[in-house]
Amino acid sequence: MSVVNCSQPECLNSTSASVLLVIEPRAKDLGGFSVSRVLPATEHKRVGPFIFFDHLGPATFAAGTGIDVRPHPHIGLSTLTYLFTGEMIHRDSLGYVQSIEPGAVNWMTAGRGIVHSERTSEAKRATGFAIHGLQIWIALPDGQEEIEPSFAHYPAGSLPLIAQEKVEMSLVAGEAFGQRSPVHVHSPLFYLDVRAQPGANIAMPGQYEERALYIVEGELKIDQETFAERHMVVLAPGCQPEITALTESRVMMLGGAPLASDRIVWWNFSSSSRARIDQAKADWKTGRFDPVPGDSEFIPLP
């Protein structure tokens with residue numbers, strides 16, 4: 001989904017030694033549904049290779065309405081769409097047409113350049129529907145920013161499940177707790193969907209330098225401090241905090257190795273080179289990106 005223009009998320013202070021900072025998203029209404037922008041934040045641009053994090057909804061659409069994100073370009077990153085409820089239809093310039101449903105993963109690697117759209121299916125548009133989920137961008141590592149674009153779909157049920165007392169986790173991407181997701185990533189990382197019962201102690205993978213957790217629903221206690229839903233808690237490097245679910249909770253845990261060099265993020269483009277960003281701008285403005293078959297609309301360059 002394309003970047004929307006909205007205020008930067010706010011970074012809050014914490015009293016816990018395990019917590020580096022807390023990010024409070026800023027909400028933006030996109031005409032019928034809400035997007036909460038978590039990353040990038042003013043004081044904290046990324047967590048490992050995770051450079052963009054959006055919380056979509058939950059939102060309900062009446063019959064005859066839907067989501068229509070027109071074709072738009074990306075370079076230098078991979079996108080991951082993960083839904084809790086609802087459906088979207090992905091189309092891209094490689095010719096892929098794929099429905100994304102709850103528990104499945106759409107993984108698109110832009111590399112040197114790709115164009116895609118995301119829309120509501122005609123069946124859902126006719127009856128009305130609800131949608132709730134997350135969209136993230138992961139920067140491609142140095143030396144791989146210009147790889148060939150690709151797309152892969154991983155159906156619900158193909159992700160490893162990790163069971164702990166009062167806790168069930170789905171390993172959406174990367175490696176954690178001795179398990180590996182089938183999603184083909186390009187750098188060391190983890191991305192976990194955690195469902196916890198009240199009173200559950202939640203383990204956090206410790207082998208990654210940069211880590212965070214985002215509370216989708218519920219309330220957590222980290223060490224002796226309480227954190228509410230719709231907050232991202234960025235952990236201090238090397239800490240092993242005590243994490244307890246105070247209520248029934250759903251949490252996304254994420255992290256990975258830091259990028260070797262800085263990244264510029266402008267609109268839908270990510271690159272370590274300002275000149276490459278400028279080239280992508282010119283390419284989109286003059287129509288040099290490949291089109292999306294069957295979808296002739298587009299989002300103009302801002």
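Guide: A salt bridge is a side-chain nitrogen of Lys or Arg lying within 4 Å of a carboxyl oxygen of Asp or Glu. The model is predicted: local features need pLDDT of at least 70 and side-chain atom pairs count only at pLDDT 80 or more, while totals for chains, interfaces and linings use all residues. Residues are numbered from 1 along each chain as its sequence is written, and side-chain values use heavy atoms, with hydrogens and water left out.

Visitor: What makes arginine 276 and glutamate 146 a salt bridge?

Guide: Their N to O distance is 2.8 Å, and the cut-off is within 4 Å, so the pair qualifies. It links distant parts of the chain, with arginine 276 in helix α2 and glutamate 146 in the loop between β12 (129–139) and β13 (150–154), 130 residues apart. Helices (H or I, at least four residues) and strands (E, at least two) are DSSP runs, numbered from the N terminus.

Visitor: What is the separation of the closest N and O atoms of arginine 119 and glutamate 297?

Guide: These atoms are 2.7 Å apart, and the pair forms a salt bridge. Arginine 119 belongs to strand β11 (residues 114–119) and glutamate 297 to the segment after α2 (274–285), so parts 178 residues apart in sequence are tied together. Arginine 119 is buried at 12%, and glutamate 297 is partly exposed at 43%.

Visitor: How do you know that aspartate 278 and lysine 281 are separated by about one helical turn?

Guide: Both residues lie in helix α2, and they are three residues apart. Elsewhere, salt bridges with shared partners join Asp68, Arg119, Glu122, Arg125, Asp295 and Glu297 into one network. The count of salt bridges by this rule is 17.

Visitor: What makes a set of residues a nonpolar core?

Guide: Such a core consists of buried Ala, Val, Leu, Ile, Met, Phe, Trp, Tyr and Cys residues joined through side-chain atoms within 4.5 Å. In the largest core there are 30 residues, and Phe53, Leu80, Val105, Tyr191 and Met232 have the most contacts inside it. Apart from it lies another core of 27 residues, including Leu171 and Leu220. In soluble globular proteins, nonpolar side chains tend to be buried together.

Visitor: Which residues does valine 216 touch, leaving out those up to four places away in sequence?

Guide: Contact means heavy atoms within 4.5 Å. Among the residues that valine 216 touches are His55, Phe84, Leu134, Arg230 and Met252. Valine 216 is in strand β19 (residues 210–217), and its 2% relative accessibility counts as buried.

Visitor: What makes β15 a mostly covered strand?

Guide: Eight of the 10 residues in strand β15 (residues 167–176) are buried. Two strands pair if DSSP finds at least two bridges between them. Strand β15 meets this rule with β14 (residues 161–164) through four antiparallel bridges, with β17 (residues 189–196) through seven, and with β16 (residues 179–180) through two.

Visitor: Why are β18 and β21 said to stand at the edges?

Guide: They belong to an open sheet of four strands, ordered β18-β23-β20-β21 with antiparallel pairing. Each of β18 (201–202) and β21 (225–228) has a single partner strand, so one side of each is left without a neighbour in the sheet.

Technical notes. Buried < 20%, exposed > 50% of the residue type's maximum accessible area, 1.4 Å probe, protein only.
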